[in-house]
Amino acid sequence: MARPFRFGVNLVTPESGDAWRAKCRRAEELGYDVLLVPDHLGMPAPFPALIAAAEATERPRVGTFVLNAGFWNPALLAREIATCDQLTGGRLEVGLGTGYVRSEHERAGLPWGSPGERVDRLARTITELDRLLADPEHVPAPAQRPRPPLLVGGNGDRVLRLAARHADIAAFTGGRQLPGAPEGVLQLIGPDELEERVAAYRRFAADRDGPAELNFLVQRVVVTDDRRAVARELVPHAMGLDEDELLAHPALLAGSVKEIAEQVRAHRERYGFSYFCVLDPYLEAFGPVIEELRGG
């Protein structure tokens, strides 16, 4: 049986306090299940923003999407997570990744390292968080025991293996580093390769006691009566994907509300994605799709 849908919005735009709370309340009205904040310089600081989001709303969970492991000392991060989980009434979900923007680490005066070193750092962070937050003597203690749900995001084999071992939610980015571009500039992988990445994760997770929830971050939502025209306009920016590949890709949801709902159902069938996130510029556009899909 297919896992029920969940829908999140990644809140990337800094706002005043009143505007932030109003946007969170609007997301709740539209039916979003999770209010998310990324971990990038130039965007809202995750934990205070999530506490404000929880205080402004009643139903949605809140989460990091995703924390850059290289930005955080694990002991200090465990304190942040436990405090945020307590102050949000046990509504926190913790997303973790390796980080992919080298310039942000350099601006922060933090080491960047090789891809392998960044995955090692992520693995150490996950291990330490599991140890610290499960410790009955840890103060503060998280409201959710032994820890809040963990989301791990990435596409490479080592990160997928980490997700298979530790994560309650496995998130797929759908992108990779663009060859020859500054580190942090990504290109979409094709739908077939994305399907292969999900299949790889399933192999790594074959001996799990229960399946993880599978997540995907949608890059663009366009309500239109001509979805092919939207794809045609995006081809010059798609870095190798053609029109048909874009139309088949879960990164682009385009068409009427009913057509987009059918695309979301088809992506759940093909890839197993049941937890879809959109960026906050598409908060309103995706709201009617949630209504169409609710309970579907």
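In this predicted model, helix H8 covers residues 227–234, and its buried residues are Ala 229, Val 230, Ala 231 and Leu 234. These buried residues pack against three elements: strand S11 (220–223), helix H9 (243–248) and strand S12 (252–255).

**Helix pairs**

| Pair | Residue ranges | Angle between axes | Axis separation |
|---|---|---|---|
| H5 and H6 | 115–134 and 157–166 | about 10 degrees | 10 Å |
| H1 and H11 | 17–30 and 283–293 | roughly 20 degrees | within 9 Å |

Angles under 35 degrees count as roughly parallel. The axes of H5 and H6 make an angle of about 10 degrees, and these two helices are therefore roughly parallel to each other. On the H5 side, the contact is made by Gly 116, Val 119, Asp 120, Leu 122, Ala 123, Ile 126 and Asp 130. H6 contributes Arg 158, Val 159, Leu 162 and His 166. Sorted by class, the contact of H5 with H6 contains six nonpolar, two polar and three charged residues.

The second pair joins residues 17–30 (H1) with residues 283–293 (H11). With a crossing angle of roughly 20 degrees, H1 and H11 are therefore also roughly parallel to each other. From H1, the residues in contact are Lys 23, Arg 26, Ala 27 and Leu 30. They meet Leu 283, Glu 284, Gly 287 and Ile 290 of H11. The contact of H1 with H11 divides into four nonpolar residues, one polar residue and three charged residues.

**The whole chain**

The helices described above belong to a protein with 11 helices and 13 strands.

Of the 296 residues, 54% count as buried. Among contacts with a separation of 6 or more, 72% are accounted for by residues 24 or more positions apart. The accessible surface of the protein comes to about 13200 Å², and carbon and sulfur atoms hold 53% of that area.

Conventions
Residues are numbered from 1 along each chain as its sequence is written. This is a predicted model: local features need pLDDT of at least 70, side-chain atom pairs count only at pLDDT 80 or more; totals for chains, interfaces and linings use all residues. Side-chain values use heavy atoms; hydrogens and water are left out. Axes are lines fitted to C-alpha atoms, for helices over the stretch in contact, and angles run from 0 to 180 degrees between N-to-C directions. Helices (H or I, at least four residues) and strands (E, at least two) are DSSP runs, numbered from the N terminus. Angles under 35 degrees count as roughly parallel, over 145 as roughly antiparallel, 65 to 115 as roughly perpendicular and the rest as oblique. Contact means heavy atoms within 4.5 Å. Ala, Val, Leu, Ile, Met, Phe, Trp, Tyr, Cys and Pro count as nonpolar, Asp, Glu, Lys and Arg as charged, and the others, Gly among them, as polar. Buried means under 20% relative accessible area, exposed over 50%, partly exposed in between (1.4 Å probe, protein chains only). Accessible areas come from the Shrake-Rupley method with a 1.4 Å probe; for residues, only the protein chains shown count as cover.
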